[in-house]
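Biologist: I would like to learn how to read a structure like this one. Could we take the features in turn, with the general idea before the case?

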Amino acid sequence: MTSRTRLTDIAEQAGVSTATVSRVLNGKQGVAEETRRAVLSALDVLGYERPEKLRSRSAGLIGLIVPELTNPVFPAFAQAIETHLAEAGFTPLLCTQAPGGVTEDQYVEILVEHSVEGIIFVAGLHADAEADTTRYHQLIANGVPFVFINGTNPAVQVPSFAIDEVRAMEIAVRHLSALGHTRIGLATGQRRYSATRGKTRGFQDAMQRHLGTEDAPVISTFFGFEGGAAAAGMLLDAGCTGIVCGSDLMALGAIQHVRSRGLKVPADVSVIGFDDGPLLSHTSPALTTLRQPVDAISRSAVATLVDLVSGSPTPRSEILFAPELIVRGSTGAAPRGA
């Protein structure tokens, strides 16, 4: 294959002139960044190897610590964060936790040994009010920048990014009350987690504001399927016709328990989830849920960490993102006489 043919192929694929292709391949100045990316993409699409001087080099390693991947929202965060890190030129090192496996502290040690430029913690021990924060203060002392996603800790002054739990509960209660539900309960995780505390506060405030209900029922179990089923049983015993859940997995567990009692969703009981993981539109019934803006949260967290790595001044504050109510088939009008 001749050089001319190669330039012509690349130019046609990129939608530019062969002269422009030549300038890009030779590293010449005066080519718009968008045009340069189009030429490099054309090289990749056509299977040509990029010249050595044009190959992207990693700006460094970034550690990403996420909880176990059984909850679909965490793989979604991992994928979005890895994408934005790659776009920024960094190489992500994914660390996933599992019960009885490598701990967060052990992962931090491993990442520091690998000389990472920074770390992103997703729903880690920073979200647990009872957890020791020594690991984070040691990172600060050692000059390793990091950010939190989903959960903040007032004892650790670093940038954090999360969904607005209080606003989410306001939206959920308003939706159910508009459907005629007056007896609504919240099924959520352990009280020591910041997400649970935010949801509980927002739920009780919203129930007081919309329905005048004092001490609305809140059941704290676990964020998983079994926790949702257990909480649903107690809320049904309390006469609830609407159940707001702290996660989609909890909501699926709640729906199963409702059905085990011979009741129907949503004819007898309406259920709202939280997160909007993949495939929830295909459940039966499709799950009404509060969607986390995973990509927006991930993009902001990565951009902030990149600024920290580069030494740019960055506010040490919590940024809250608005949830979106996705109405599907698991919520409906309150049963008559309820």
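Modeller: Start with a term: a salt bridge is a side-chain nitrogen of Lys or Arg within 4 Å of a carboxyl oxygen of Asp or Glu. This is a predicted model, in which local features need pLDDT of at least 70 and side-chain atom pairs count only at pLDDT 80 or more, while totals for chains, interfaces and linings use all residues. Residues are numbered from 1 along each chain as its sequence is written, and side-chain values use heavy atoms, with hydrogens and water left out.

Biologist: How many salt bridges does a search of the whole structure find?

Modeller: The search finds 10. In one of them Arg291 pairs with Glu324, and their closest N and O atoms are 3.7 Å apart. Arg291 lies in strand E10 and Glu324 in strand E12 (residues 324-326), so this pair ties together parts that are 33 residues apart in sequence. Helices (H or I, at least four residues) and strands (E, at least two) are DSSP runs, numbered from the N terminus.

Biologist: Which other residue forms a salt bridge with Arg291?

Modeller: Asp276 does, with the closest N and O atoms 2.6 Å apart. Asp276 sits in the loop between E9 and E10, and Arg291 in strand E10 (residues 288-291), so here the parts tied together are 15 residues apart in sequence. A network of salt bridges links Asp276, Arg291, Glu324 and Arg328.

Biologist: Are these residues buried or exposed?

Modeller: Buried means under 20% relative accessible area, exposed means over 50%, and partly exposed is in between (1.4 Å probe, protein chains only). Asp276 is buried at 16%. Arg291 is partly exposed at 31%, and Glu324 is partly exposed at 42%. For the protein, buried residues make up 46% of the 338 residues.

Biologist: Which residue forms a salt bridge with Arg261?

Modeller: Asp237 does, and the closest N and O atoms are 2.9 Å apart. Arg261 lies in the loop between helix H10 (248-260) and strand E9 (270-275), and Asp237 in helix H9 (residues 225-237), so the pair ties together parts that are 24 residues apart in sequence. Arg261 is partly exposed, at 37%, whereas Asp237 is exposed, at 59%.

Biologist: Next, helices. How should I read one?

Modeller: An α-helix has 3.6 residues a turn, so residues three or four places apart point the same way. The expected span of a helix is 1.5 Å times one less than its number of residues. The protein has 11 helices and 12 strands. Helix H3 (residues 33-46) has 14 residues and reaches 20 Å from its first C-alpha to its last, close to the expected 20 Å.

Biologist: Which residues in H3 are buried?

Modeller: Val39, Leu40, Ala42 and Leu43 are buried. Seen down the axis of H3, the buried residues fall within an arc of 150°, so they line one face of the helix. The arc is that of the directions from the helix axis to the C-beta atoms. On the other side of H3, Glu34 and Val45 are exposed. Just after H3, Gly47 takes a positive phi of about 85°.

Biologist: What does the C-alpha trace span along its principal axes?

Modeller: The C-alpha trace of the protein spans about 80 × 45 × 35 Å.
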